[in-house]
Amino acid sequence: MTARACVMASVSGLLLVRAAGTSPRRFEICPGGAAEIVTPQEVFGACESNNECSVVLKVTHGAVSFLLTGDAGKAQERALLQDDDAASMLRATVLKVGHHG
């Protein structure tokens with residue numbers, strides 16, 4: 001499976017995990033690939049709007065990683081940097097910046 005296919009499978013897998021009502025921080029999604037929810041849980045309860053409540057997802061396939069930030073705004077970005085667990089996951093090969101960047 002290619003890295004691109006793994007990313008797409010990860011996003012689809014995240015939707016299935018959320019629909020099932022579970023929320024693991026890390027899950028295997030394809031051979032050699034895993035996805036991690038980087039967003040700290042407490043961020044979701046403190047969002048002022050749905051647009052600010054993006055799931056930040058890190059997908060790793062072999063030695064390549066993608067950080068998908070959705071529409072994370074400044075407040076959510078600050079929360080990611082202040083949370084030790086989340087901050088340790090921010091390094092990635094490819095960054096998709098928030099707000100349609």
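This is a working chat about the predicted model of one protein chain.

Biologist: What kind of model is this, and which residues count for local features?
Modeller: The model is predicted; local features need pLDDT of at least 70, side-chain atom pairs count only at pLDDT 80 or more, and totals for chains, interfaces and linings use all residues. Residues are numbered from 1 along each chain as its sequence is written, and side-chain values use heavy atoms, with hydrogens and water left out.

Biologist: What does the chain average in pLDDT?
Modeller: The protein chain averages 74, and 64% of the residues score at least 70. pLDDT is the predictor's confidence in each residue, from 0 to 100.

Biologist: Where is confidence lowest, and where is it highest?
Modeller: Helix α1 (residues 3–19) is lowest, at a mean of 57. Strand β4 (residues 64–68) is highest, at 90.

Biologist: How many helices and strands are there?
Modeller: Four helices and five strands. Both are DSSP runs, numbered from the N terminus: helices are H or I with at least four residues, strands are E with at least two. From the N terminus on, the elements run α-β-β-α-β-β-α-α-β.

Biologist: On to the sheet. What is the strand order?
Modeller: The order is β1-β2-β3-β4-β5, in an open sheet with mixed pairing. Two strands pair if DSSP finds at least two bridges between them.

Biologist: Which strands stand at the edges?
Modeller: β1 (26–30) and β5 (94–96). Each has a single partner strand, so one side of each is left without a neighbour in the sheet.

Biologist: What about the twist?
Modeller: It averages 20° from one strand to the next. Axes here are lines fitted to C-alpha atoms, for helices over the stretch in contact, and angles run from 0 to 180 degrees between N-to-C directions.

Biologist: Walk me across. How many bridges join β1 to β2?
Modeller: Four, and the two strands run antiparallel. Arginine 26 has glutamate 36 in β2 as its bridge partner. Phenylalanine 27 stands opposite alanine 35 in β2.

Biologist: What lies between those two strands?
Modeller: Two residues; β1 and β2 form a hairpin. Glycine 32 in the turn has a positive phi of about 80°.

Biologist: And β2 with β3, how many bridges?
Modeller: Five, in the antiparallel sense, with β3 at residues 57–61. Glycine 33 stands opposite histidine 61 in β3.

Biologist: Next pair: how do β3 and β4 run, parallel or antiparallel?
Modeller: Antiparallel, joined by five bridges. The bridge partner of leucine 57 is leucine 68 in β4. β3 and β4 form a hairpin with two residues between them, and glycine 62 in that turn has a positive phi of about 65°.

Biologist: Then β4 and β5, parallel or antiparallel?
Modeller: Parallel, over three bridges. Leucine 67 stands opposite leucine 95 in β5.

Biologist: How many for β4?
Modeller: Four of the five residues are buried, so β4 is largely enclosed by the rest of the structure.

Biologist: Now helix α3. Is glutamine 76 buried or exposed?
Modeller: Glutamine 76 is buried, with a relative accessible area of 2%. Its side chain makes a polar contact with the side chain of threonine 39, at 3.5 Å. A polar contact is a pair of N or O atoms within 3.5 Å; within protein, one must be able to donate a hydrogen and the other to accept it, and residues adjacent in sequence count only if both atoms are side-chain atoms.

Biologist: What is the relative accessible area of alanine 75?
Modeller: It is 48%, which makes alanine 75 partly exposed. Alanine 75 sits in helix α3 (residues 74–82). Alanine 75 and valine 43 are 32 residues apart in sequence and 9.1 Å apart in space, C-alpha to C-alpha.

Note on methods:
Buried < 20%, exposed > 50% of the residue type's maximum accessible area, 1.4 Å probe, protein only.
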